[in-house]
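Colleague: I'm new to this one. Can you walk me through it?
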Amino acid sequence: MASLWSFLFLLSSFSMFACFSSVSSEENDIAITPINRDLYHSSSDLLEQINSLVHRHPDKLTMETIANGNKGYQAEMTVVTYSRSSIKDGDDRSKFRILLSFGQHGRELVTTELALRILSILSEEQFLPNVDRDAFNSTLDKLVIKMVPVENLNGRKLVEQGDLCERRNGRGVDLNRNWSVDWGKKEKDYDPYEENPGTAPFSEPETQTMRRLALSFDPHVWINVHSGMEALFMPYDHKNTTPEGSASQKMRSLLNRVNKDHCYDRCMVGSGGGSVGYLAHGTATDYMYDVVKVPMAFTFEMYGDSTASAKDCFKMFNPIDHATFNRVLNDWSAAFFEIFKTGPNHMDEAHSKAAASGQEKFVSIDEYLDGYLMERKNRYGKKIEVLDLGMQEIRTYFRLFLLSSVLLLFMFCSRISKSMSSRPIVSALPL
Ligand SMILES: [Zn+2]
């Protein structure tokens, strides 16, 4: 009998709990902020705006769409190049090269709005306050800027379809954990859902495209733009330290200046791993610094609302009212133009990029080929299809060619050494 009572008691408390939790989940649903369509473009609208901007300013801007895919998954990426000279394909190697990526995480919509704002200012359709136009243009004459306005287009589309907390790509991989530096290492607080690093380094088409772009463009500055907090990060993300040497000090002094002038000392400055509260393995910025040898490699976090509930992702990662939205875009576009202005001052030192990080740049044959092929394709066509199969075949042929050359050389050398050393060897043998 007692067991029956306790069973009934358990049953009633369970149903009360279930009832209570369903009420609180309804409350959570109510508290979730939807995307503010008055402030934010849809990704297709944003890319359309950028497309028409490029067509209005062919003297400054060019654009290409890179398609890549594997295992039935396809990813398209738009790359916009800004160059004021007559050479528009970004091949002018004497210029200071800046590579920018926005929207690597789907839910961080405000970053892609910043991309559009920067392009509008570059094409002189919008203006920064208190800027001398001549000085502004002479600054920009020295630059080539390549910008990826929406790196993770497939993930972004999931967000637009209502999955407001999605940060990963269209098949659930975090594009900022899919790079090869310290890839796949898992911390105690590792979140297998949010931080899924993929099946291997560069398993994802988006990461492959970004890597090729970085290797062929070989930038002096890399900035990976995110949101969720206010921070100016430099390497490393995978350990609790910053690199040693003068290059590292230059990075830090540039960030301190940007923090003071444009973030009003609110931004966290330092290594991503040391400042953010967790270590991140396989990130883009660590790869750009360690492998591509970009002397100034950064991750910027441009906005965050720490008061938002964990499920209220649009509010947590993006300004939701008009005034904050404008303030954030104004401050951060000014920050970027400060970097465009002061970056070339580091030109001489930055040119000796290998020296900056204290060792020669080592890139594998595959990486070299990826960069090389990308550069050829950039030269011959605006609309690029990077076919994985084609790339694989070219790689295989190249490897076979290398192998046969080495074999031929070996045979040739061994013949020469035989004919030259046959006598001494024979005369040494009798004993
Ligand atoms: Zn992010």
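Colleague: What kind of unit do S6, helix H7 and S7 make?
Modeller: S6, helix H7 (residues 246–262) and S7 form a right-handed β-α-β unit. Right-handed is meant this way: with the strands pointing away from the viewer, the path from the first strand over the helix to the second runs clockwise. Helices (H or I, at least four residues) and strands (E, at least two) are DSSP runs, numbered from the N terminus.

Colleague: How should I read the model and its numbering?
Modeller: The model is predicted: local features need pLDDT of at least 70, side-chain atom pairs count only at pLDDT 80 or more, and totals for chains, interfaces and linings use all residues. Residues are numbered from 1 along each chain as its sequence is written.

Colleague: In which sense do S6 and S7 pair?
Modeller: Parallel, over four bridges, between S6 (residues 229–234) and S7 (residues 268–271). Pairing needs at least two DSSP bridges between the strands. Leu 232 has Val 269 in S7 as its bridge partner.

Colleague: New topic. Where does UniProt place the "active site"?
Modeller: The unreviewed entry puts that feature at Glu 301. UniProt positions follow the numbering used here, feature names are shortened, and annotations may be inferred rather than shown by experiment. Glu 301 lies in strand S8 (residues 296–303).

Colleague: Why does Glu 301 count as buried?
Modeller: Because Glu 301 has 23 C-beta neighbours inside 10 Å. Buried means 20 or more other C-beta atoms within 10 Å of the residue's own, with C-beta atoms placed from the backbone; 12 or fewer is exposed, and in between is partly exposed.

Colleague: And H6, how many residues are buried there?
Modeller: In H6, 11 of its 13 residues are buried, including Met 210 and Phe 217.
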